[in-house]
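Let's take a walk through the charged pairs in this model. Have the viewer open and follow along.

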Amino acid sequence: MAETLSALALGALGDLKGVFAAMPEDALDGLIEEIVAARRIVVFGLGREGLQMRGFAMRLFHMGRNVAVWGDMTTPEVGPGDLFFVSAGPGDLATARTLAGVARKAGARTALVTAQPGGELARHVDVVTVIPAQTMADDRGGKLSVLPMGSLFETAQMIAFELAILKLRPRFKETSETMRARHTNLE
């Protein structure tokens with residue numbers, strides 16, 4: 001017999017609570033400081049992590065930041081003063097490592113959000129933000145989330161990004177109203 005929707009939801013919320021309980025209070029501070037200092041931000045992620053990165057880029061845009069998503073036709077070049085921010089929950093992606101290398105060579109700062117800070121990519125970026133959640137790298141055996149595959153990391157990523165926005169708003173003197181004023185009217 002299948003579990004009830006309520007029981008599944010409580011399990012998922014419990015898993016998320018555990019992720020944020022395991023994060024130190026300053027877990028987002030390095031990323032926040034990089035965003036504050038950046039003249040331009042380019043984000044990169046693949047699959048569902050890429051969707052979370054796109055959502056974060058949208059929120060940064062709503063705050064008036066100069067932000068782009070890698071791969072879009074309007075992605076600018078990066079260089080000194082810029083931030084290239086990548087997602088690699090499982091700790092490494094060859095594409096992300098290559099792009100971070102290109103960005104660093106051009107003089108941009110680089111940041112990573114991951115669940116695996118010991119992964120190869122962490123050694124190739126300036127700032128690492130750790131979200132200690134299950135990804136596809138560790139979704140077999142042991143204590144598993146009620147959520148499948150890498151969904152716990154991806155969901156925690158979205159929440160962490162919204163929390164970062166809440167911490168960034170006063171730094172940029174933004175409010176819900178000023179952010180709403182930048183929301184598209186083409187809906």
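Start with Arg40, which counts as buried at 15% relative accessibility (buried is under 20% relative accessible area, exposed over 50%, partly exposed in between, with a 1.4 Å probe and protein chains only). Asp82 is buried too, at 1%. The side chains of Arg40 and Asp82 meet in a salt bridge, 3.2 Å from N to O. Arg40 sits in strand β1 (residues 40-44) and Asp82 in strand β3 (residues 82-87), so this pair ties together parts that are 42 residues apart in sequence. A salt bridge here is a side-chain nitrogen of Lys or Arg within 4 Å of a carboxyl oxygen of Asp or Glu; helices (H or I, at least four residues) and strands (E, at least two) are DSSP runs, numbered from the N terminus.

A word on the source: this is a predicted model, where local features need pLDDT of at least 70 and side-chain atom pairs count only at pLDDT 80 or more, while totals for chains, interfaces and linings use all residues. Residues are numbered from 1 along each chain as its sequence is written, and side-chain values use heavy atoms, with hydrogens and water left out.

Next, Arg54 and Asp72 form a salt bridge at 3.5 Å, N to O. Arg54 belongs to helix α3 (residues 47-62) and Asp72 to the loop between β2 (67-69) and β3, so the pair links parts 18 residues apart in sequence. Arg54 is partly exposed at 41%, and Asp72 is partly exposed at 32%.

Glu120 pairs with Arg123, their closest N and O atoms being 2.3 Å apart. Here Glu120 is partly exposed at 31%, whereas Arg123 is exposed at 55%.

Finally, Glu34, Arg104, Arg109 and Asp126 are linked in a network of salt bridges. The structure holds 12 salt bridges.
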